[in-house]
Each structure stands twice: as C-alpha cells, then as structure tokens.
Amino acid sequence: LLVFFYIDNIVILAKPGHLPPLQGFEQKLLQRYKMRSLGNLGTFCRIQIKRDRESGEIWLSQVALVDKILPKYPSPKPFNRSTTPLLVKELLLHPMNQGIKPISTVSLNL
C-alpha cells in the first residue's frame with residue numbers, strides 16, 4: 001500500500017493483488033475517524049487524473065490551475081501560441097482525452 005496525505009485528504013494506492021489489505025486499511029480508518037470514502041481518485045490537489053486500466057496509462061492534467069492563474073497575471077503582449085511535442089490532433093485522438101482542453105492553446109511569455 002502507498003498512503004499519502006495532504007491537509008485533510010488521504011490517498012491510498014494499491015496494486016490489484018493487494019486489494020484485500022487496502023479494503024481492510026480503509027475500513028479501519030472509516031471506523032476510527034469521521035470520514036468518507038470517495039472511491040476512485042479523479043482529482044487531487046487540483047490535478048485531474050484519468051486512467052486507462054487496460055493499457056496501464058495514467059494521464060495528469062493541471063488545466064484547472066492554468067485556468068485559475070491565467071486571468072490573475074495577464075500578459076502585457078499577445079500570446080504567441082506554441083505547440084506541444086506531439087501534435088494536438090494526436091493527443092486528442094486518445095479516448096481518455098475526450099473533454100480535455102488542448103494544452104497548446106495556453107502559453108506564457110515570461
């Protein structure tokens with residue numbers, strides 16, 4: 001089991017073969033503390049997490065953080081859009097990326 005905490009959040013990770021110990025640990029926490037289980041991890045510390053269990057891929061996105069910060073620090077000059085190492089079309093073709101904004105539309109000129 002891998003357990004980590006951030007303020008009042010607890011994340012518990014386990015390999016598929018270690019689900020019984022994970023469930024036992026979770027039950028002990030729920031009995032001892034006033035808390036609730038939120039199921040599979042979708043967002044943590046403003047990082048969106050998407051998983052494809054079949055291929056073993058995990059996608060992390062901080063688009064929400066960029067959307068929050070960008071209006072606070074407007075650029076004095078127009079943005080020069082830059083591309084990611086992969087073409088955006090290729091990134092968006094993956095089924096896990098449905099509904100995610102392309103990162104290449106945001107760039108900062110510092």
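The model is predicted: local features need pLDDT of at least 70, side-chain atom pairs count only at pLDDT 80 or more, and totals for chains, interfaces and linings use all residues. Residues are numbered from 1 along each chain as its sequence is written, and side-chain values use heavy atoms, with hydrogens and water left out.

**Overall make-up**

- The protein has three helices and five strands; helices (H or I, at least four residues) and strands (E, at least two) are DSSP runs, numbered from the N terminus.
- From the N terminus on, the order of elements is β-β-α-β-β-β-α-α.
- Of the 110 residues in the protein, 13% are buried; buried means under 20% relative accessible area, exposed over 50%, and partly exposed in between (1.4 Å probe, protein chains only).
- Among contacts with a separation of 6 or more, 38% join residues 24 or more positions apart, where contact means heavy atoms within 4.5 Å.

**The sheet S3-S4-S5**

- Three strands form an open sheet in the order S3-S4-S5, with antiparallel pairing; S3 and S5 stand at the edges, each with a single partner strand, so one side of each is left without a neighbour in the sheet.
- Two strands pair if DSSP finds at least two bridges between them.
- Strands of a sheet pair through backbone hydrogen bonds, either parallel or antiparallel.
- S4 (residues 47-52) and S5 (residues 57-61) are joined in the antiparallel sense by five bridges.
- Along this pairing, Ile 49 stands opposite Leu 60 in S5, and Asp 52 has Glu 57 in S5 as its bridge partner.
- Four residues lie between the strands in the hairpin of S4 and S5, where Gly 56 takes a positive phi near 75°.

**Ser 61**

- Ser 61 belongs to strand S5 and counts as buried because its relative accessibility is 8%.
- The side chain of Ser 61 reaches the backbone nitrogen of Val 63 at 3.3 Å.
- A polar contact is a pair of N or O atoms within 3.5 Å; within protein, one must be able to donate a hydrogen and the other to accept it, and residues adjacent in sequence count only if both atoms are side-chain atoms.

- Most residues other than glycine have a negative phi.
- Ile 7 has a positive phi near 55° and is found in the loop between strand S1 (2-6) and strand S2 (9-13).
- With 74% relative accessibility, Ile 7 counts as exposed.
- Arg 46 has a positive phi near 60° and sits in the loop between strand S3 (43-44) and S4.
- Arg 46 is partly exposed, at a relative accessible area of 44%.

**Nonpolar surface patch**

- Leu 2, Phe 4, Leu 13 and Leu 41 form a nonpolar patch on the surface, and together they have about 310 Å² of accessible area.
- Patches are made of residues with over 30% relative accessible area and no salt bridge, with like charges joined within 9 Å and nonpolar side chains (Val, Leu, Ile, Met, Phe, Trp, Tyr) within 5 Å.
- A salt bridge is a side-chain nitrogen of Lys or Arg within 4 Å of a carboxyl oxygen of Asp or Glu.
- Leu 2 lies in strand S1 and is partly exposed, with a relative accessible area of 48%.

Conventions
Areas by Shrake-Rupley, 256 points an atom, 1.4 Å probe, with all protein chains shown as cover.
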